[in-house]
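Visitor: I am new to reading protein models. Could you take me through one, feature by feature?

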Amino acid sequence: MSGQTELELAGQVVELVRRLGGPAAQAEAVVTRADLALTRFANSGIHQNVSESTVGVRLRVHVDGRTAAGGGSVVTADGLSALVERTLTAARLCPPDPGWPGLTPPMPTPDAPPVDEATAHAEPDQRADRVGAFVAAAGGLSTAGYCRTAHRSSAFANSAGHSAYGRSVEAAMDGIARRDGADGVARRSADRLSDLDGAELGAQAAAKAQAAADPVELPPGHYEVVFEPAAVADLLQNLSFYGFNGKRYAERQSFAEPGAAQFDRAVTVVDDPLGGSGLPFDAEGTGRRALTLVEAGTTRAVAHDRRTSAEAGAESTGHAVAGGATWGPMPRNLRLTGAVAGPASAVGRSTTGAAGGAVVDADTAALVAGVRRGLLVTDLWYTRVLDPKSLVVTGLTRNGVWLIEDGTVVRAVRDLRFTESYPRALGPGAVLGLGARAVRQPERVDGAWWAAPSLRLASWHFTGGASG
Amino acid sequence: MTEFDAAAAAVQAALDAGARYADARVMHRRYESMTARNGDVEELTQDESIGLGVRALVGASWGFHAVPDLSDAAARDAGRRATRTAMASARVPGPPVDLVPVQAVTASWASGCQIDPLGVPLSDKGDLLVDATRTMAEHGADLAEGLYQIWDTAKWFVSSEGHRIDQRIRECGGGISATSIGDGETQRRSWPSYRGQYGTTGWELVESLDLAAHAAQIAEESRALLTAPPCPAGETDLILGGEQLALQIHESVGHAIELDRILGWEAAFAGTSWLDLAQLGSLRYGSELMNITIDPTIPGALGSFGFDDEGSPAVKRDAVRDGRWVGVLAGRDSAAMASLDYGGSVRADGWARLPMVRMTNVGLEPGPHTLDEIIAATDDGVLMDLNRSWSIDDKRLNFQFGCEVGWEIKKGRRGRMLRNPTYTGIGPLFWRSMDMLSSETVSWGTPNCGKGQPGQVGHTGHPAAPARFRNVRVGVSA
């Protein structure tokens, strides 16, 4: 393994392209070292415990008007030469690329939040101990989930003379407690492993599982809902991937219409990549910064990389990803801004009886208190898009649903299937309340997260019950 | 130092550090993909990755570590770290772990390949996609997309029980899609399926798809769908084409019979299963036409191999026989925990991922009918084909699928096209309603099966043919 830094390696790759491809060859390289670890538990014991120490090189070249990309894990001199040679060869055999947007010119790289070294170098014992605390706090209920840590050190260089370097860390924990087939969940993403309290999360999951016992089946139909942050995260993810994606927007496959009041005035959505620990540049070296996508209900922007921004006559917003020519630029750090924080309500005030653990925070309690008849939904699962333009999505509830009557959670409900247009459900007049405190939810890979408070919606279309 | 040497060094280091069992996989994977849009190449990517992953068992606890470095020092360090991680697992121990016996063998295996897909000139591959997407655009598609993908994977497996197995698996495939965009919605038609058909074959598979010959038709159908009547809502007889039935098998049978799900190992993420091991051998899963096999020996199917990623040889097994549930997808440790005597369905998505229970080729044995016979025997129903959306609950019971296209079936004849066809149901009730099954089987390949944390992408095969299901709820909409 080379002892070179990521920046040295990236520069070496760019220099190899110049040497082998000629002075006119354009190149951009990203070199990333990563230490990723995930401790997974099920049936209240750790059953899978993995870690990896990897290095990867991504290269994109543009030569003679043609473009190709390549990647590799071998960073020896021979390995890098082979990567450069095959990528140049591929580019020369490709048809012309008239949409090539050019390389990112030299520009300052934004300051990123400092990296927590303890998280970057966390040991398996530390993750296991948090799992142990989660299991213990569940009070004998069966538990399952994970605790993970991730550390990336990444450098960018291109043949236009631009370079950048940054690091990121993330810690996340996601677990369920189970009682007679009813599950409760607790999920967090943080910049520091020390911010994750396994006992707190385990107790929360257990309380919700206890409250989810003995569910009844409700008929499908339109219900008013209170979504907890885990469920709201799914809304943000789908809005991002299918709506605020500059490529889909250019293709007219997105619902987004910048300048139009497409959402309720309570909705403000900001992509905030440096609001947590994150790399300060994208795959094209463009600096990442906060981007307001929706402001008080009005769509303001979609995400761009250099290619989609050139098509749109705009500037890159720093959302380029590897493979972006196919999938498009997507914001992955969305924050749904909550209401102004007021005094906290008493947690659980709006619940009663066996469902008493269903509500775990003051925000949700306040929203539930305003519902005459509706459902409290913890989490959404297996959501898939029926039509990308209208963003009609089907999926199911998971990890706890409860019936609300007259501001009180009265009983657990079996999971329901829904089919709903996400923009329509969040449209003008549709948002009846928003909590004050956003809770950061992890995505399946580190570096992406969705921060949202609880959310009260006027109507959600449930199209099937647990029995079909 | 050979790949076997590196794997052996990692295994030995894990044992020296205290493991009672260890195995290691070295994998070298080359990947190439190209996408085209509206007559232009959109993206060409070529990746090459090589590294080693080692798994160690200490007491009842597993640990795993992976590195992209095959030097002796790096391999030994990876083995030690895997053992150290396993020891950390013991701080929150699970039940005792055993491994069902597997004969330790020295063996080599390679998938069949007539035309090396990486050896086909890029210009030829580009021309194929450019021509097909240009034709679709000329015939009315707003968005004409084409894609191929190639994986060429060499792997070397060593275990502390004495396995030394090397395999080379070449996989490829491709497809085209036409999207027409109307007021407030889009309509898509694909050939032969969205993002393509795949197999453990050479480029001959892509040539056999004849993408160009289907480009004009799917473009015109996508445009026509914008003004087609919507699929009516209600209960009716449903005929599914083979491609959609393949995904139905994948989601409502394949995942449900994964033993790790049944044992609760995936409870927090992928989910569990409605199946209870106490009913293995007796539970009625579907009608008597339902015969599902787990068969990684099918030549050319995407889920085929010589040995799985813990050294178990490829063996064909029954999962459902005459409608009765009789088998599972298992690994050596999950099988031992369930008191079964077979594994054979464990795979890892590359060297940096832990081997886990995965589908191989899970498919329906052919039935006695043809699609034409099924249509002719249907008085009132809907034919749906080519998947557009899929969703199923965490127990693999409650599903809803959307297809690209539907056709009205009236008095035994295929009628007008229907847009936005969807259907929903409960797995075992749905399978029990299957009363006609075609013999026109195709081994459909699914190269995007997600599972595990960290995430892994599995490549699975699903032999399937058109079939009819009675009294199914269709036409669900927002």
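Visitor: Let me start with a sheet in chain B. In what order do the four strands of the open sheet stand, and is the pairing parallel or antiparallel?

Guide: First, a caution: this is a predicted model. The order in chain B is S12-S11-S10-S15, and the pairing is antiparallel.

Visitor: Which strands stand at the edges?

Guide: Look for strands with a single partner. In chain B these are strand S12 (324–325) and strand S15 (362–364), so one side of each has no neighbour in the sheet.

Visitor: How many bridges pair S11 with S12 of chain B?

Guide: Strand S11 (residues 317–321) of chain B pairs with S12(B) over two bridges, in the antiparallel sense. Take one bridge as an example: Arg321(B) has Arg324(B) in S12(B) as its partner.

Visitor: Now a helix. How does the span of helix H3 of chain B compare with the expected one?

Guide: Count residues, then check the end-to-end reach. Helix H3 (residues 122–138) of chain B has 17 residues. From first C-alpha to last it reaches 24 Å, close to the 24 Å expected at 1.5 Å a residue.

Visitor: Which residues of H3(B) are buried?

Guide: Start with the general idea. An α-helix has 3.6 residues a turn, so residues three or four places apart point the same way. Now the case here. The buried residues of H3(B) include Leu122(B), Lys125(B), Leu129(B), Ala132(B) and Met136(B). Gly126(B), Val130(B) and Thr133(B) are also among them.

Visitor: What covers the buried residues of H3(B)?

Guide: Look for elements from both chains. Chain A supplies helix H2 (77–93). From chain B, the cover includes strand S1 (21–37), strand S2 (40–58) and helix H5 (211–225). Just after H3(B), look at the backbone too: Gly140(B) takes a positive phi of about 110°.

Visitor: Where does Asn38(B) lie?

Guide: Asn38(B) sits in the loop between S1 and S2 of chain B.

Visitor: Why does Asn38(B) count as partly exposed?

Guide: Count the C-beta atoms around it. Asn38(B) has 18 others within 10 Å, and so it is partly exposed; a buried residue would need 20 or more.

Visitor: Which residues does Asn38(B) touch, beyond those up to four places away in sequence?

Guide: Here, compare the chain with the fold. Asn38(B) touches Thr133(B), Ala137(B) and Ala144(B). Asn38(B) and Ala137(B) are 99 residues apart along the chain, yet their C-alpha atoms are separated by 5.8 Å.

Visitor: How many residues does each chain give to the contact between chains A and B?

Guide: The size of an interface is often given as the accessible area lost when the parts come together. Here we count residues instead. Chain A gives 79 and chain B gives 69. On the chain A side, the largest share, eleven residues, comes from strand S2 (residues 45–63). That side has 32 nonpolar, 30 polar and 17 charged residues.

Visitor: How does S2(A) run relative to strand S3 of chain B, parallel or antiparallel?

Guide: S2(A) and strand S3 (residues 61–67) of chain B run parallel, joined by three bridges. In one of these strands, S3(B), Ala66(B) is the bridge partner of Glu52(A).

Visitor: Last, domains. Into which domains is chain A divided?

Guide: A domain can be made of separate stretches of chain A, as domain 2 (211–235 + 341–464) is. The others are domain 1 (6–206) and domain 3 (245–336). Between domain 1 and domain 3 of chain A, 24 residues of domain 1 are in contact with 18 of domain 3.

Notes: Residues numbered from 1 in each chain as written. Chains lettered and ligands numbered in written order. Predicted model: local features only at pLDDT ≥ 70, side-chain atom pairs only at ≥ 80, totals over all residues. Domains from an automatic or database assignment. Contact = placed C-beta atoms within 7 Å. Nonpolar A, V, L, I, M, F, W, Y, C, P; charged D, E, K, R; others polar. Pairing = 2+ DSSP bridges. Expected span 1.5 Å × (residues − 1). Buried ≥ 20, exposed ≤ 12 C-beta atoms within 10 Å, placed from the backbone.
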